[in-house]
Amino acid sequence: MSNEASVHEQSYLGAPHGLASWLLTKDHKRIAILYLISITIFFAVGGTFAAMIRAELVTPQGDLLSSDLYNKVFTLHGVIMIFFFLIPSIPATLGNFLLPIMIGAKDLAFPRINLLSWYIYVIGATVTLAAVFNGGVDTGWTFYTPYSSMSSNTSVTTAALGVFITGFSSILTGFNFIVTLHRMRAPGMTWFRLPLFVWAQYATSLVMILGTPVVAITVLLVAAERALHLGIFDPKIGGDPVLFQHLFWFYSHPAVYIMILPAMGVVSELVAAMSRKQIFGYSFVAFSSLAIAIIGFLVWGHHLFVSSQSIYAGLVFSIITMMVAVPSAVKTFNWTATMYKGAISWESPTFWIFGFMGLFLVGGLTGLFLGAMGLDIHLTDTYFVVAHFHYIMVGGGVMGFLGGLHFWWPKMTGKMYNETAGKIAAMLVFFGFNATFFPQFIVGYMGMPRRYHAYPPEFQFFNVLSSAGAVLLGIGYTMIVIYLIYSLIKGPKAPANPWGATGLEWKIPSPPITHNFSEMPVVTEEAYDYQHAPAPQRGVK
Amino acid sequence: MSSTLPFFPPSASTVASDVDYLYFFILGVSAFFAVLVSVLVLVFAIKYRRNKPEDIGADIHGSLSLELLWTGIPFILAMVMFVWGAQVFFTLSKPPADSMDVFVVGKQWMWKVQHPEGVREINELHVPINRPVRLTMGSEDVIHDFFIPAFRVKMDVVPGKLTTMWFTATKAGEYHIFCAEYCGTKHSGMIGTVTAMEPQDYEAWLAGGRATGSAVQNGERLFSDLSCVTCHKADSTGRGPWLGGVFGSTVTLNDGRKVVADENYLRESIMNPQSKVVQGFQPIMPTFQGMVSEENLLQLIAYVKTLKPAEPAPAPAKK
Ligand SMILES: [Cu+2]
Ligand SMILES: [Cu+2]
């Protein structure tokens, strides 16, 4: 008894030891680390496919890869990045790690289900990788029918099954988060004292549990049509190909919010902490997350403006799409206002916030171009769209993820990374990203369609720029992996609260003990009470 | 390709400038907000840079009037963009009544085009300038998308139905046609050229083309070859209804529904006759799915559209 208690007083990283203790862990923090390692591997795999795409597109002729191989490469890039990296990225790593701590709980409501979700993710990923080695899949990550269901002769069924399985891991995570938030908040932790990161996770979880089942069933129907010729999507046997697009985007548009909402939550935390100031308009930021999650479910038809959907349906989808711009603008202005009269430290998390703000602004604003129907006709299915969603999902989502990783790394690992390296990487990623994707807006308006293996020569200039930018971007990302791993080995020990931030996670040691808190915390103040915040335990450079 | 800015597509149709104006409007608004927020962030970061690690920011919690301001302004601007975008979209989806009809069939991986006079082309489309052209499009296999960047028009070509799009070219020249919906191996090879010509050049080109019978003539031939004519007779003695005047009319079905007979209705009546059965008739029409190609279908429809309503039958002489 006393023995067990002392084990739980130790760092979660230290006790118990051994691989089995990790693979069978029920500790949300260890599961977060398992996820972090898995998604990093998939980010590297997806990134390798991206590198192949950019290498091919340096010249207008499709001379490096065959058409079939190229089509498989961009499909796998999309499938892996979206389902195996972006969707789990923040929720399953930072969310898993922080959510219980931020609300003063020992763990999530269902620790075993949490572990199960990781195993499901791994199984789904393995099945998808099996499709890769079994000849690949060439439908695009969107699996549009009837190409996917009746025409493609690649491993569509296996890949669809992989996506189907993985879907359950995010359903379970979302479900676990929601129950935890309702049932396990510490005494005094009222809804309006929750950190905004938690609000964002709540909104994200709603999308996960409401949307994911739809896409899971949809890809399963594609597999069923391939195997049994059911006549769901293929008009030759009585199906409707556009039905697939409705079902698919019903999930996949909200999925964008699974990727961006958590990043917005991270930024809310970071802006307040790095400015050491109360967040501006707490309730507006919190409710805008919910508004985005809810309105986000009603806009899927903006992907179908040229699909032969009724023009009146199109009108409704267009006006609702335009409305999503409003809560996003509200957030951006509130973050900016938080910095006003703040005490802003120029440490590496701040650099990631700048990067996020810049890229998310461009990503969000270019969404307006695509929501305006008459303009979308010209822009849809071109590189303009490719640039737009990379700005949102990678510019916004991944910048937010990396910002959060830099902010909470000391807490998660107990080690400090090199500050200068952190700043240089943030700048490399920011400039590399812009160099890669900004030219795609221009070449998109010029008319270059997406998923083109070869293209007319007048588009070459912009493609060369893009590929050059991708090299910078690749260097930036690789650098991060190197200095973060180096910090684990050689980095100085992290203090409990290096940034002088508020929030329960900063009141416990770095890294936390297995049970997070040695005694039940009682919350008495609002979130971001920086007027009474402790001083950072490390000098500001 | 006609010469323009190296980073902007040629603008060669009546709607192109409408689309471009909308583009520049949204671009202007976006640039304003992007610059505004970036400058504020940088100015604050410099002006309020922390001196001592333990410094804290001012005790500000928010401001309702600011929240209303930055909810209201984006909302109004977004609605302006919506209305403007919808307006352009409506123009793009309503072909003028006097449009010239051209038929397009997409298949992996080529575009087949047929002019009303019967001239056919592959991966090419010749059109006269200053005259609205309406494309009626079908697909033989998967979804494709007919995209002409210089005209700012694009429309999916969907198997199992017909879709339409229209444009009026304004500048003679050659412009790209791209397939914009991913359709398999040679998707990026499913490209072609639109040649917009002075009307007299277009007439000359048509005359020199190898016409293989006009679409209507081909349709008429198919109508008898496929023995449609045995059931659909002008004197209404066949087992099916006479088809003259059906196009554009409102048809009452045997379940009481009323539908407007557009091209998609005609298409469905031929490919899947059981799905909508005309009131007063038995569902005996065979399906022609798999027997007529997408191209033949377009010809049949072109022919059916030309049929005239039957003369009112003379009063029966029987007593
Ligand atoms: Cu969307
Ligand atoms: Cu295509």
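A: A salt bridge here is a side-chain nitrogen of Lys or Arg within 4 Å of a carboxyl oxygen of Asp or Glu. One bit of background: side chains of opposite charge can pair when their charged atoms come close.

What you're looking at is a predicted model, with local features needing pLDDT of at least 70 and side-chain atom pairs counting only at pLDDT 80 or more, while totals for chains, interfaces and linings use all residues. As for bookkeeping, residues are numbered from 1 along each chain as its sequence is written, chains are lettered from A and ligands numbered from 1 in the order in which they are written, and side-chain values use heavy atoms, leaving out hydrogens and water.

Let's start in chain B with Glu294(B), whose side chain meets that of Arg267(B) in a salt bridge, at 3.0 Å from N to O. Glu294(B) sits in helix H7 and Arg267(B) in helix H6 of chain B, so this pair ties together parts 27 residues apart in sequence. (Helices are DSSP runs of H or I with at least four residues, strands are runs of E with at least two, and both are numbered from the N terminus.) Both ends are tucked away: Glu294(B) is buried at 7% relative accessibility, and Arg267(B) is buried at 6%. For those labels, buried means under 20% relative accessible area, exposed over 50% and partly exposed in between, with a 1.4 Å probe and protein chains only. Then there's a network in chain B, where salt bridges that share partners join Asp101(B), Arg134(B), Glu263(B) and Lys305(B).

Have a look at Ser293(B) too, which is in the loop between helix H6 (263-271) and helix H7 (294-306) of chain B. Ser293(B) is partly exposed, at 26% relative accessibility. Between its C-alpha atom and that of Leu206(B), 87 residues away along the chain, the separation is 24 Å.

Now go to Glu295(B), which pairs with Arg120(B) in another salt bridge, with the closest N and O atoms 2.9 Å apart. Because Arg120(B) lies in strand S3 (residues 120-122) and Glu295(B) in helix H7 of chain B, the pair ties together parts 175 residues apart in sequence. Glu295(B) is buried, with a relative accessible area of 13%, whereas Arg120(B) is partly exposed at 35%.

Over in chain A, Lys507(A) and Glu525(A) form a salt bridge at 3.7 Å, N to O. Each of them lies in the segment after helix H16 (460-490) of chain A, so parts 18 residues apart in sequence are tied together. Lys507(A) is exposed at 56% relative accessibility, and Glu525(A) is partly exposed at 32%. Over all chains, the count of salt bridges comes to 14.

While we're here, the metals deserve a stop. Donors are N, O and S atoms within 2.8 Å of the metal (3.2 Å for Na, K and Ca), and sites may look incomplete because water is not among the atoms. In chain B, the copper ion (ligand 2) has Cys179(B) (SG), Glu181(B) (O), Cys183(B) (SG) and His187(B) (ND1) as its protein donors, 2.1 to 2.6 Å away. Along the chain, these donors follow the spacing C-x1-E-x1-C-x3-H. Glu181(B) is buried at 6% relative accessibility, and Cys183(B) is buried at 0%.

In chain A, the copper ion (ligand 1) is coordinated by His253(A) (ND1), His302(A) (NE2) and His303(A) (NE2), at 1.7 to 2.0 Å. The donor residues of the copper ion (ligand 1) have the sequence spacing H-x48-H-H. His253(A) is in helix H9 (residues 241-275) and His303(A) in the loop between helix H10 (282-295) and helix H11 (311-339) of chain A, so the pair ties together parts 50 residues apart in sequence. His253(A) is buried at 8% relative accessibility, while His303(A) is partly exposed at 26%.
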